[in-house]
Amino acid sequence: LPFIFCIPQINAGQFGIDLGIGSSYDATTTRTWLGTSTSGEAKLSGSDLRFLYYSDMNLSYGLRLASHEGEDTTGLPSGYAYKISISETSPFVKYSIPFNEEGDSVIEGFFVGGLNLATMKVSHTLTTESSASTTGLMLEGGIFAGMKKDDMTFGGGISLPIDSYEGNFQWDVYGYTLDYKATVKK
């Protein structure tokens, strides 16, 4: 689960920034060349930056920018790897449910929904970089806890995204087609 660290937020109908650290995705792959299929996997790590506008205490609108990358080396000779990167731009809506509004502490659950506009890029030691674009739904839930002072909130949370991406890539390697399929799950 990615840990979301929240930089100070101005809440009273204002702006906020969330910075995801320790964010990682899992990729499973299928490689087919000369009629033989093999499977691979990769851990993609990176960052997640969210800009928020709070229209009221429960509803906010935002834009998420994320970038993750890693290598698929499963079953490959030393020095060979498929490099996978994914960049995302996601407009979203966030609905928060406060569990505690007493005093200086804040505890809330939240749901996020929106669109993921993503570009996945894959390359190999023997191939050029190839890219595929996709659009999908952004869905996640989580819990946030923090401290507030006046209109500022500082804290952190855990989110559970349930979306994924698929990309299909092909290269001509020594006159034969190499098919590569990657499925990335958040």
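Trp33, Leu34, Tyr80, Leu126, Tyr174 and Tyr176 make up a nonpolar surface patch of about 670 Å². Patch members need over 30% relative accessible area and no salt bridge, with nonpolar side chains (Val, Leu, Ile, Met, Phe, Trp, Tyr) joined within 5 Å; a salt bridge is a side-chain nitrogen of Lys or Arg within 4 Å of a carboxyl oxygen of Asp or Glu. Areas are Shrake-Rupley values with a 1.4 Å probe.

This is a predicted model, so local features need pLDDT of at least 70 and side-chain atom pairs pLDDT 80 or more, while totals for chains, interfaces and linings use all residues. Numbering runs from 1 along each chain, and side-chain values use heavy atoms, leaving out hydrogens and water.

Take Leu126: you'll find Leu126 in the loop between β6 and β7 (130-149). Strands here are DSSP E runs of at least two residues, numbered from the N terminus. Leu126 is partly exposed, at 45% relative accessible area (buried is under 20%, exposed over 50%, partly exposed in between).

The largest nonpolar core has 20 residues, and Leu44, Ile84, Met120, Trp171 and Tyr180 touch the most other members. A core here means buried Ala, Val, Leu, Ile, Met, Phe, Trp, Tyr and Cys residues joined through side-chain atoms within 4.5 Å. Apart from this core lies another, of eight residues, including Leu52, Phe92, Val106 and Val112.

β7 and β8 (residues 152-161) pair antiparallel over 10 bridges; pairing takes at least two DSSP bridges. Met147 sits opposite Phe154 in β8. Two residues separate the strands of this hairpin, and Asp150 in the turn has a positive phi of about 55 degrees.

Conventions:
Buried < 20%, exposed > 50% of the residue type's maximum accessible area, 1.4 Å probe, protein only. Patch = residues over 30% accessible without salt bridge, like charges linked within 9 Å, V, L, I, M, F, W, Y side chains within 5 Å. Helix = DSSP H or I, 4+ residues; strand = E, 2+ residues; numbered from the N terminus.
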